[in-house]
Amino acid sequence: MRGWRWLKQTGLFGLAIVLFVVVMTFSFLYWENQTGSPDRPEAEPESAGRPPSFVGGKYVPPAVLTTVGHLYPDIKFKNGEDLENNVLNRLFEDQLGIRVNYLWTTTGDEDVYINKLNTSIATGQPLPDIVSFKGGQNLYPLLRSGAFRDVGPLFERYASPKWKAAMAQAPEAWEPYTINGKKMAVPILDGKMNSNEVLYIRQDWLDKLGLKAPSTLEEMESVMDAFVRGDPDGNGIDDTYGISVSLKNSFFSWMSDAGFVFGAYGEMPDIWNEGADGKLSYGSVQPSVRQGLETLKRWMERGYVPKDAEILDEVQATEAWKQGKAGMIVAPLWAAGWPLGDVTLNVPDARFDAYPIPVGPSGLSGTRGTPPEFGAIAINAEMANPEIFFDYMNFVYDNFVDPPPGSPYRWGIAEGYDYANVNGKLTFRDSEAPGGLADPQKYLLSLSLPSVPNLLSESIARINRGASGQTPYDVKNKLLRTPQELKGWKIVESNPSVYKTDAFTGAPTPTMERIGDALDELLHDAMLKIVYGQEPLSGFDRVVARWHELGGDKMTDEVNEWYASLGKTR
């Protein structure tokens, strides 16, 4: 049944894969029958064996936990390590008797990773015990394939009290991974407000040109014009930009965001927003989007924005900032450290600071907020002992997330990796540590250190008000956060209404799963053509009408059916 469901979802492409596998399999069997030894005994199947013994908090002998991985751009290694052989995995084997084995890894776009998983399912290749991913609509065929199991009962049975308490702070984190009433993946929790965005500006450029930070979109244009025409880097060449944005994947991005331009006129693109009538509507097709497109088109024409914004992803678009060529960027709070802090590697005297998102002509403003989760972990339907995975994650929550005083992990996972002592001084700065740092949190099965939703915001609030009796988590945070980030947190906390997240958090609706990507691509391409002057602004109205005709209306009805049913159950 699993294969049949997958075949219906993939159509001719899936049929081609299946036929190829069948032909190759029979060819192999024929060749083996002609050339193989008839007396060779069959290989013994791997014994299911007894459940692994958890003795004194450790598996004896070690339990093997298989997975697959993707090498994201922010993953670094040191001492010749890799994703499988590293300080973190050695720690888990030493402390818990859990050995993590990777069946394979991928690089490049995350789509490469998802596509390889789809191919593995289609061709009957062995699947790992657990699969981690950072979200995206293309993962849902995996969750519907039958290859993974309902994790809800497992979470209730095996998750530690700390992990359950964290999940209770954001129960909506389950919604994107709940399909037909079953929880098909464990969400990876993010910290409340952790990825909320602010406007970062090169302060030294403002000072050199005698400018003040803008508070409105109109003032922002004046500052950008000066950044472009006034040679703020002093090299005598016309090579600077007002702001760096990414337009490749979305107009509402987690880094190098352009969504704030639309938020200044009242709607956020690429997400579902709740209206005054209590119903959800898709932001990208609302009339006010025309004003955002007109503004971005003007910025592009005047050279305020790099021309290659349409081919740069969210991280690539930060290069103009890091190279000292862009004066502004809208990015998450934590970006003040990485990647924005890297500007000083290329421009040692560079200084930048955090500012509120500018308001539009009617006093409106909006930009990206922080969803309650940043990914999820699915468990193989055939995994014999899923408690091994939960023991792994329980250890993470009990020891790494909010370590108690005196814990060997109160400053990090391993000295010399995510923290260092230099001449008796604790540091979390890569530039201050001999040989640099390589954060082993990035090697976790959860892809990064998960959070207790309210933990980080409450800690930053204590730090900003100078509260006494701070926890090890607070002390570490104070050392880890840059002054720009701490200022950014004050901005975020004082402007909660600015931050928007997708109001539709469920699994894709039938229409969304069938043609949602195609409809998004239709809108995105049309919006790009308008920004780049390849189509008139009137083209927006035509593409919106087309969106409604091709399935947008049906998708909107389905989304609101979901929204109404959600209200009944809460």
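This is a predicted model: local features need pLDDT of at least 70, side-chain atom pairs count only at pLDDT 80 or more; totals for chains, interfaces and linings use all residues.

Me: Which residues of helix 14 are buried?
Reply: Buried means under 20% relative accessible area, exposed means over 50%, and partly exposed lies in between (1.4 Å probe, protein chains only). Helix 14 covers residues 455–464. Its buried residues are Leu-455, Leu-456, Ser-457, Ser-459, Ile-460 and Ile-463.

Me: Which residues does Asn-477 touch, beyond those up to four places away in sequence?
Reply: Asn-477 lies in helix 15. Helix 15 (472–480) is among the elements that cover the buried residues of helix 14. Asn-477 is itself buried, at 3% relative accessible area. Contact means heavy atoms within 4.5 Å, and on that rule Asn-477 touches Leu-456, Ser-459, Ile-460 and Ile-463.

Me: At what angle do helix 2 and helix 13 pack?
Reply: Two packed helices are described by the angle between their axes and the distance between the axes. Axes are lines fitted to C-alpha atoms, for helices over the stretch in contact, and angles run from 0 to 180 degrees between N-to-C directions. The axes of helix 2 and helix 13 are 12 Å apart. The angle is about 100°.

Me: Which word describes helix 2 relative to helix 13: parallel, antiparallel, perpendicular or oblique?
Reply: Under 35 degrees counts as roughly parallel, over 145 as roughly antiparallel, 65 to 115 as roughly perpendicular, and the rest as oblique. Helix 2 and helix 13 pack at about 100°. So helix 2 is, relative to helix 13, roughly perpendicular.

Me: How do the residues of the contact of helix 2 with helix 13 divide?
Reply: From helix 2 come Leu-88, Leu-91, Phe-92, Gln-95 and Leu-96. They meet Asp-391, Tyr-392, Phe-395, Val-396 and Phe-400 in helix 13. Ala, Val, Leu, Ile, Met, Phe, Trp, Tyr, Cys and Pro count as nonpolar, Asp, Glu, Lys and Arg as charged, and the others, Gly among them, as polar. The residues divide into 8 nonpolar, 1 polar and 1 charged.

Me: How many aromatic pairs are there?
Reply: Rings of Phe, Tyr and Trp (its six-membered ring) pair if their centres lie within 6.5 Å. Planes under 30 degrees apart count as stacked, over 60 as edge-to-face, and the rest as tilted. By this rule, the number of aromatic pairs is 28.

Me: How many residues apart are Phe-92 and Phe-395?
Reply: Phe-92 and Phe-395 form an edge-to-face pair, 5.5 Å centre to centre with 65° between the planes. Phe-92 is buried at 0%, and Phe-395 is buried at 11%. The pair links helix 2 (residues 87–96) with helix 13 (residues 387–401), and the two residues are apart in the chain by 303 residues.

Me: Why do Trp-334 and Trp-338 count as a stacked pair?
Reply: Trp-334 is partly exposed at 24%, and Trp-338 is partly exposed at 33%. Their ring centres are 6.4 Å apart. The pair counts as stacked because the planes are at 5°.

Me: What is the omega of the cis peptide bond from Trp-338 to Pro-339?
Reply: Most residues other than glycine have a negative phi, and most peptide bonds are trans. Pro-339 is in the loop between strand 12 (328–332) and helix 12 (343–346). The bond from Trp-338 to Pro-339 is cis, with omega near 5°.

Me: Is Ser-256 buried or exposed?
Reply: Ser-256 is in the loop between helix 8 (217–229) and helix 9 (259–263). Its phi is near 55°, a positive value in a residue other than glycine. With a relative accessible area of 0%, Ser-256 is buried.

Definitions and conventions: Residues are numbered from 1 along each chain as its sequence is written. Side-chain values use heavy atoms; hydrogens and water are left out. Helices (H or I, at least four residues) and strands (E, at least two) are DSSP runs, numbered from the N terminus.
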